[in-house]
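Q: Got a model open here and want to walk through it with you. Can we keep it quick?

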Amino acid sequence: ARKRSLTIDGKSYPSDSWTNAPENILIQYGRRLHVQPNHPLSIARQLIESCFPGFQHHNSLPGVVTVDQNFDSLGFASDHPGRSKTDTYYLNQDTVLRTHTSAHEVDVFRANTSNGYTICGDVYRRDAIDRTHYPIFHQIEGALTWDRSAFKSSEHFSQHIQNDLARLGSAGVDVEDPNPTFHPERNPLQAKHHAAEEAEAIAAHLKRSLEHMAVAIFTAADKALKASDHAAQEEQEPLKIRWVEAFFPHTSPSWELEVWWRGDWLEVLGCGVIEQPLLIRADVPSRMGWAFGLGLERLAMLLFGIPDIRLFWSKDQRFLGQFDENKPIKRFQPFSKYPAAPRDVAFWIPDAGAAVVETPATTSSSPSPAGGQITAAPPPDTPSFHENDLMEVVRDTAGDSVEDVSLIDKFTHPKTGRQSLCYRITYRSLEKTLTTEEANDLHEQIRRELVARFGVELR
Ligand code: PHE
């Protein structure tokens, strides 16, 4: 039976038909890994903050926010798939665990205590289980705005930003930026609010600032790799950056920044020119500017060579003892891995055709730069089996003892049209060897839960 209310940080939230935040998530709430001394996520955060001197850094904004803060204030459409219960943890119909740090943008703009800021914190998304996905991760985002009303014309305003840009200087890296700043449909100028030259200047300043940040991050990653690995010392192709058109409800035009690093294009961040309605809503209508956001785990995994996202949650000194925020970044030395215990579960889903399997972001090998972009999902009240429901049963039952859950077979019965799914669950603890019996037990519990909660028929 569902509890009548959930209590977080001493505040109680009455439950309703939207409530779906499970205990296994709520017990992790408040760990604040991004400010834990010498934690790799905190070190990654500080590296990024150091790229924006003079910005105000917000690291304690609470993870429980209103639906208005998380979606409406940012201009998310009322039918945006990110609002779905299959993707987002609701405490109740008005309250969610934030799915991104952008939930605080309007509040921070309204406070208007600095031209530039960063916001870092824990964010929550229902998602797949594998070595790079965890339902709680961390984002950092930043924004810079200027007061347009301090200038007598758009030309003066743009010139001022161009001067700021000239002070930044080149990032000393090869940059591919083939597209014009605006695309009339996909990446439009906010013509109602911005003169083209103003938005052009802001976009140029945005790109240059983030190129500097990318160079700082990847130079640090390169140094760490060279210091730990002889093979990594050979001559490398130089870093390259490219700008790719993107879409976010709260910026236009928008881009993703990708970095060519040691043989791969990596998506690093999402960004754009802030949607003016946000600034109007925040009662600073004359300010204009840019914003970016990125997922910290992916960056920290790359910087330190951390192979499994669950390690960030470890309290094991063999992990935590390896990081020192006062020393140059050093690669993580994996300690021995305990053996994996794979087990398969196959079942018929109850209502043929109602299944939603594989959400694109979670099955793709390159999730969005901000970490698991909001993706297509059914409307909130579709009664069906969603892959994320299985993920949740697995987490509720086996917690961090599961390393990966993958769909290995999907089959539709030719006559009945019923659908059968087979998932491989890989059990492997980071802390100990799971015995055959322990793995069997966990697996049996998961099988029973699947039947009890979703009425699947085991095969
Ligand atoms: N909020 C976006 C996400 O979570 C990232 C972003 C932040 C994009 C700020 C643009 C500006 O995917």
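Q: Which residue stands opposite C422 in strand 16?
A: A346 stands opposite C422. Strands here are DSSP runs of E with at least two residues, helices are runs of H or I with at least four residues, and both are numbered from the N terminus.

Q: How many bridges join strand 14 to strand 16, and which way do they run?
A: Eight bridges join strand 14 (residues 341-348) to strand 16, and the two run antiparallel. Strands count as paired if DSSP finds at least two bridges between them.

Q: What packs on the sheet there?
A: Helix 12 does, touching strand 14, strand 16 and strand 17. Its direction makes about 20° with that of strand 14. Contact is when C-beta atoms, placed from the backbone, lie within 7 Å. Angles run from 0 to 180 degrees between N-to-C directions, with axes fitted to C-alpha atoms, for helices over the stretch in contact.

Q: What is the strand order in that four-stranded sheet?
A: The order is 15-16-14-17, an open sheet with antiparallel pairing. Strand 15 and strand 17 (457-458) are the edge strands, each pairing on one side only.

Q: Before going on, what sort of model is this?
A: This is a predicted model: local features need pLDDT of at least 70, side-chain atom pairs count only at pLDDT 80 or more, and totals for chains, interfaces and linings use all residues. Residues are numbered from 1 along each chain as its sequence is written.

Q: What does pLDDT average?
A: The protein averages 92, and 92% of the residues score at least 70. pLDDT is the predictor's confidence in each residue, from 0 to 100. The model scores ipTM 0.99 and pTM 0.90.

Q: Where does pLDDT stay under 50?
A: Residues 359-367 are one such stretch, with 20 contacts beyond four places in sequence. Residues 372-383 are another, with 31 such contacts.

Q: On to helix 11. Which strands does it lie across?
A: Helix 11 lies across strand 15 and strand 16, running at about 145° to strand 15.

Q: Is helix 11 largely enclosed or exposed, and why?
A: Ten of its twelve residues are buried, so helix 11 is largely enclosed by the rest of the structure. Buried means 20 or more other C-beta atoms within 10 Å of the residue's own, exposed means 12 or fewer, and partly exposed is in between, with C-beta atoms placed from the backbone.

Q: What do those buried residues pack against?
A: Helix 1 (23-26), strand 15 (402-412), strand 16 (419-427) and helix 12 (436-454). Among the buried residues are L390, M391, V393 and V394.

Q: What follows helix 11?
A: G399 does, and its phi is positive, near 50°.

Q: Which other residues have a positive phi?
A: D9, at about 55°, is one of them, although it is not a glycine. D9 is in the loop between strand 1 (5-8) and strand 2 (11-14). With 9 C-beta neighbours inside 10 Å, it counts as exposed. R32 also has a positive phi, about 50°, and is not a glycine. R32 lies in the loop between helix 1 and helix 2.

Q: Where is there a cis peptide bond?
A: Between S252 and P253, with omega about -10°. P253 is in strand 11 (residues 251-261).

Q: How many bridges join strand 7 to strand 8?
A: Nine bridges join strand 7 (residues 116-124) to strand 8 (residues 136-147), and they run antiparallel. In strand 8, I140 is the bridge partner of C120.

Q: Last topic: what domains does the assignment give?
A: Domain 1 (31-63 + 98-320) and domain 2 (341-458). Those bounds come from an automatic or database domain assignment. Their C-alpha centres lie 33 Å apart. The contact takes 28 residues from domain 1 and 20 residues from domain 2.

Methods. Contact = placed C-beta atoms within 7 Å.
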